[in-house]
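Have the viewer open as you read.

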Protein chains: 2
Amino acid sequence: MTNFVSANRIAEIGAVIGDVTRATILMTLMDGRAFSAGELAAESGVTPQTASGHLAKLTEAGLVTVHQQGRHRYFRLSSGDVAELIEGVSALIAAGPLRYRPTGPKDRAMRLARTCYDHLAGHLAVRVAENMEVRGFISLSDGTAVLSKEGRRYVCDFGVDLENPAYCRRDLCRACLDWSERRFHLGGRLGSGLLDRFVALGWLRRMPGSRALLITRAGETGFAREFAFRVGDEQGDDMGASLNTGAGRDAFEDAS
Amino acid sequence: MTNFVSANRIAEIGAVIGDVTRATILMTLMDGRAFSAGELAAESGVTPQTASGHLAKLTEAGLVTVHQQGRHRYFRLSSGDVAELIEGVSALIAAGPLRYRPTGPKDRAMRLARTCYDHLAGHLAVRVAENMEVRGFISLSDGTAVLSKEGRRYVCDFGVDLENPAYCRRDLCRACLDWSERRFHLGGRLGSGLLDRFVALGWLRRMPGSRALLITRAGETGFAREFAFRVGDEQGDDMGASLNTGAGRDAFEDAS
DNA sequence: ACGATGCTTCGGTCGTGACCGAAGCATTTG
DNA sequence: CAAATGCTTCGGTCACGACCGAAGCATCGT
């Protein structure tokens, strides 16, 4: 009725997400890369016409933006906000009222390390952020992370180019809540640059058809040396999961 | 395909939100109170049968929980996560790609102070949290806010009962991103208790049919004295809005 | 210029789901 | 025990939207 953002608009966004094909497209785009219409059609198992219609709706709703290149049209999520929204829905499902919570090997991989839009997420991301905070490189306060002078130098030495024009106009360093961990990790220009660097160093490898990231042998030693992170040292993993369960079921014993 | 939380589940949640009547119901429940099925039917302008069907779907999806009392059935959001999700959708719309962004008087009231599930949100909430952090009562770090010893004493003296069993099993103090401000404010047991206390003191009054909160005369002096907050002192309000615009439109000039 | 490729628009089919009237169960009240 | 109230289930109508085949438009390659 007299609501700020009208229920109509909320429902519009919901309806756009609420189709399996469109949701599949969004999930595919969740790793931040751009895909052509044809690729997205194949990936979601529909004909090009159908995908085209869906992509038009996604674009119309502002969830996705187009980038024409020759006779191809590349689609990507239009902002990190969209990715965060989808992760928010995932959080509801993962923390959700029981019902099947996935725990297979692929799911463990996702919890361990995955892309979130253009940066790193999951257990590894949280640990890296923690380590950088302990060393005084960043400080997470009041929602926006701040990169210290020493942090800037460290990151530069590490090989991240913070001045890359492709990242311009982005917040340098953005704290981003991780649904599988409920802790903060790094987004923004810094998070994006770090992910690129990790991939360039061969520490992480993208898994085809998934947002999960593989930690290579080089990565194992690299993360251990630079960020004191050892694979298998995942006491935080299960803890995070059970913590979710607790937080999802809030208290509803009223004094009624 | 090989995604963690399957696109099917994402779409399920989306479809549940993606109906105007259900979205209206959710918006009504956004202030954290429970409403009977009949009330929700009237509020959303459908017959009781129809509303009943919608409420069954919302419950089935885990967004809403029921609380039977005599021949009435009261519905409420099943967790703060759900409220945060809806606020996330609002954030997309408010920061969105242009299209009509509301700026009327009611909207200003919403930006200034509103309920978010069971706690306070908006400009006022952010300012209160900031003030409490400056005074060393809380520290927002790494996503979870921590209440200091002095903070606990202060809050108790202020009249908030943190031991109230109705709040048990909730995180004491939860940092919660505000979509209209993009800063953190207080949720959890503390945020909930503070809101109750503000209302009890007559500083805030719920507006019928809206999530907006009215700051009373008593509130004006009270917030000024206790939290150094003056109404009209809203340089952060417009700033927050324009900041949203900037953050929503991220950089997509690729080196392509 | 010609055909091939990538994507979109058009037209028509089909399934899903929102809605209400009527009837059915509970619970409370007289 | 009846009548009233609050909500749900059932049955049937209707509209919206997802899907594909066919055709239409661009762009690229030769």
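What follows looks at a helix contact and then at a backbone torsion. Keep in mind that this is a predicted model.

Start with the helices. Two packed helices are described by the angle between their axes and the distance between the axes. In chain A, take helix α3 (residues 37-44) and helix α4 (residues 48-60): their axes come within 9 Å and cross at roughly 110°. Angles of 65 to 115 degrees count as roughly perpendicular, so α3(A) and α4(A) are roughly perpendicular to each other. Which residues make the contact? On the α3(A) side they are Ala37(A), Leu40(A) and Ala41(A), while α4(A) brings in Pro48(A), Ala51(A) and Leu55(A).

Now for the backbone. Most residues other than glycine have a negative phi, and most peptide bonds are trans. Against that background, have a look at Ala228(A): its phi is near 50°, a positive value in a residue other than glycine. To find Ala228(A), go to the loop between α10 (217-227) and α11 (235-248) of chain A. Is Ala228(A) buried or exposed? With a relative accessible area of 58%, Ala228(A) is exposed, since the cut-off for exposed is over 50%.

Then hop over to chain B. Ala228(B) also has a positive phi, near 50°, and sits in the loop between α10 (217-227) and α11 (235-248) of chain B. Its relative accessibility is 57%, so Ala228(B) counts as exposed.

Notes
Residues are numbered from 1 along each chain as its sequence is written. Chains are lettered from A and ligands numbered from 1 in the order in which they are written. This is a predicted model: local features need pLDDT of at least 70, side-chain atom pairs count only at pLDDT 80 or more; totals for chains, interfaces and linings use all residues. Side-chain values use heavy atoms; hydrogens and water are left out. Axes are lines fitted to C-alpha atoms, for helices over the stretch in contact, and angles run from 0 to 180 degrees between N-to-C directions. Helices (H or I, at least four residues) and strands (E, at least two) are DSSP runs, numbered from the N terminus. Angles under 35 degrees count as roughly parallel, over 145 as roughly antiparallel, 65 to 115 as roughly perpendicular and the rest as oblique. Contact means heavy atoms within 4.5 Å. Buried means under 20% relative accessible area, exposed over 50%, partly exposed in between (1.4 Å probe, protein chains only).
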